Amino acid sequence: MSANPAALRSAAERALATGQFADAERCCAAWLDRQPGDLDALRLAALAALAQGRARDALSRLDHALQSAPDRGDLLAQKARVLSLAGRVA
């Protein structure tokens, strides 16, 4: 995939919206190859993993993003959602 990060973001968002979760992950992986650690790419990749029933992968991606931005509310909310869906709430 040789698209720029903006095109990859659009493709990932489109794939998520249409239920093509594996395609969304591929776009995010290509995006992260070009911009390692991009928080939005990690967030979208987490959403795609979660949609495929891979909560552990989703948490890993969110935790990676939160290392760089521990106060980013959207990432914290997504992590709480994943933990809740995975039954990991106290």
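This is a predicted model: local features need pLDDT of at least 70, side-chain atom pairs count only at pLDDT 80 or more; totals for chains, interfaces and linings use all residues.
Arg-14 is exposed, with a relative accessible area of 52%. This arginine is found in helix α1.

**The nonpolar core**

The largest nonpolar core in the model has 30 residues. Those with the most contacts inside this core are Cys-28, Trp-31, Leu-44, Ala-58, Leu-75 and Val-82. The largest share comes from α3, which supplies 9 residues.

Trp-31 is one of the core residues with the most contacts. Which residues does Trp-31 touch, not counting residues up to four places away in sequence? Among them are Pro-5, Leu-8 and Arg-9, and the list continues with Asp-38, Asp-40, Ala-41 and Leu-44.

**How the helices pack**

Two packed helices are described by the angle between their axes and the distance between the axes.

| Helix pair | Angle between axes | Distance between axes |
|---|---|---|
| α1 and α3 | about 20 degrees | 11 Å |
| α3 and α5 | roughly 15 degrees | within 11 Å |
| α4 and α5 | about 155 degrees | 10 Å |

Take α1 and α3, which pack at an angle of about 20 degrees. Angles under 35 degrees count as roughly parallel, and that makes α1 roughly parallel to α3. The crossing of these two helices is left-handed. On the α1 side, the residues that meet α3 are Arg-9, Ala-12, Glu-13 and Leu-16. Their partners in α3 are Asp-40, Arg-43, Leu-44, Leu-47 and Ala-48. By class, the contact of α1 with α3 divides into 5 nonpolar, no polar and 4 charged residues.

The axes of α3 and α5 cross at roughly 15 degrees. These two helices are therefore roughly parallel to each other. In passing α5, α3 makes a left-handed crossing. From α3, the contact takes in Leu-39, Arg-43, Leu-47 and Leu-50. From α5, it takes in Asp-74, Leu-75, Gln-78, Arg-81, Val-82 and Leu-85. The residues of this contact of α3 with α5 comprise 6 nonpolar, 1 polar and 3 charged.

Are α4 and α5 roughly parallel or roughly antiparallel to each other? Their angle is about 155 degrees, and angles over 145 count as roughly antiparallel. The helices α4 and α5 are therefore roughly antiparallel. Their crossing is left-handed. On the α4 side, the contact is made by Ala-55, Ala-58, Leu-59, Leu-62, Asp-63, Ala-65 and Leu-66. On the α5 side, the residues are Leu-75, Leu-76, Gln-78, Lys-79, Val-82 and Leu-83. The contact of α4 with α5 has 10 nonpolar, 1 polar and 2 charged residues.

Is Arg-43 buried or exposed? With a relative accessible area of 16%, Arg-43 is buried, because buried means under 20%. Arg-43 is found in helix α3. Leaving aside its neighbours within four places in sequence, Arg-43 is in contact with Arg-9, Leu-62, Arg-72, Asp-74 and Leu-75.

Phe-21 belongs to helix α2. The relative accessible area of Phe-21 is 25%, and Phe-21 is therefore partly exposed. Apart from neighbours within four places in sequence, Phe-21 is in contact with Ala-15, Leu-16, Ala-48, Ala-51 and Gln-52. The C-alpha atoms of Phe-21 and Leu-47 are separated by 8.5 Å, while the two residues are 26 residues apart along the chain.

Where does Gly-37 lie? Gly-37 is in the loop between α2 and α3. Gly-37 is partly exposed, with a relative accessible area of 31%. Not counting residues up to four places away in sequence, Gly-37 touches Leu-32, Leu-42 and His-64. Gly-37 and Asn-4 are 16 Å apart in space, C-alpha to C-alpha, and 33 residues apart in sequence.

Notes:
Residues are numbered from 1 along each chain as its sequence is written. Side-chain values use heavy atoms; hydrogens and water are left out. A nonpolar core is a set of buried Ala, Val, Leu, Ile, Met, Phe, Trp, Tyr and Cys residues joined through side-chain atoms within 4.5 Å. Buried means under 20% relative accessible area, exposed over 50%, partly exposed in between (1.4 Å probe, protein chains only). Helices (H or I, at least four residues) and strands (E, at least two) are DSSP runs, numbered from the N terminus. Contact means heavy atoms within 4.5 Å. Axes are lines fitted to C-alpha atoms, for helices over the stretch in contact, and angles run from 0 to 180 degrees between N-to-C directions. Angles under 35 degrees count as roughly parallel, over 145 as roughly antiparallel, 65 to 115 as roughly perpendicular and the rest as oblique. A crossing is left-handed if the near helix is turned anticlockwise from the far one by less than a right angle, and right-handed if clockwise. Ala, Val, Leu, Ile, Met, Phe, Trp, Tyr, Cys and Pro count as nonpolar, Asp, Glu, Lys and Arg as charged, and the others, Gly among them, as polar.
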